[in-house]
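Take a moment with the sequence and the model below. Then follow the text through it, one step at a time.

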Amino acid sequence: MGPICQKGYSAGDLRFVQDALYVLGGKWKLEVIRSIAQGNSRFGEIRKSLPKITTRTLSRELKELEANHIIERTIQDDFPPVVNYTFTSYSKALAPVIDYLINWAAAHREEVIRASSLSTSS
């Protein structure tokens, strides 16, 4: 079996991976992304779709996703003002990454279960 990194990646190269994992990491980021992808664009709708998230945590996650250009916050000039969260055009590049991670994670889970069942049957 060969190395998992086929190229001679530098520490700087791997820092990009660490940055990406930070953008998506944590308990709630992907859940917030999923909620918005399902059509929830207002704070209250997103909060309602994630009943265990606190208001403070949701606010922080939305700010971090906005700072990383995954979502954008727009304010409609109504009374009271209406705030919507939508994906940026830049965030479309994230879709294949998430798809790949889902496929890898499912295969990884199967591998761990398979290996675990082999070690307990020995």
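Predicted model: local features only at pLDDT ≥ 70, side-chain atom pairs only at ≥ 80, totals over all residues.

Lysine 29 is buried: its relative accessible area is 3%. That is under the 20% cut-off for a buried residue.

What does the side chain of lysine 29 meet in a salt bridge? Its partner is the side chain of glutamate 64, at 2.5 Å from N to O. This pair links distant parts of the chain. Lysine 29 belongs to helix 2, residues 29-37, while glutamate 64 belongs to helix 4, residues 55-67. The two are 35 residues apart.

Which of its residues are buried? They are Lys29, Val32, Ile33, Ser35 and Ile36. These residues cover an arc of only 160° around the axis, so they sit on the same side of helix 2. Their packing partners include helix 1 (11-24), helix 3 (43-49) and helix 4. Strand 1 (71-76), strand 2 (82-87) and helix 5 are also packed against by the buried residues of helix 2. After helix 2 comes glycine 39, with a positive phi near 100°.

Go back to glutamate 64. Its side chain also meets that of arginine 60 in a salt bridge, at 4.0 Å from N to O. Here both residues lie in helix 4, four residues apart, which is about one turn of the helix. An α-helix has 3.6 residues a turn, so residues three or four places apart point the same way. Arginine 60 counts as partly exposed, at 41% relative accessibility. The links go on from there: a network of salt bridges joins Lys29, Arg60, Glu61 and Glu64.

How many salt bridges does the structure hold? It holds seven. One more of them deserves a look. The side chains of glutamate 111 and arginine 114 meet in a salt bridge at 2.8 Å, N to O. Both residues lie in helix 5, residues 94-121. They are three residues apart, again about one turn of the helix. Glutamate 111 is partly exposed, with a relative accessible area of 37%. Arginine 114 is partly exposed too, at 42%. Lysine 29, by contrast, is buried.

Technical notes
Residues numbered from 1 in each chain as written. Heavy atoms only, no water. Buried < 20%, exposed > 50% of the residue type's maximum accessible area, 1.4 Å probe, protein only. Arc of directions from axis to C-beta. Contact = heavy atoms within 4.5 Å.
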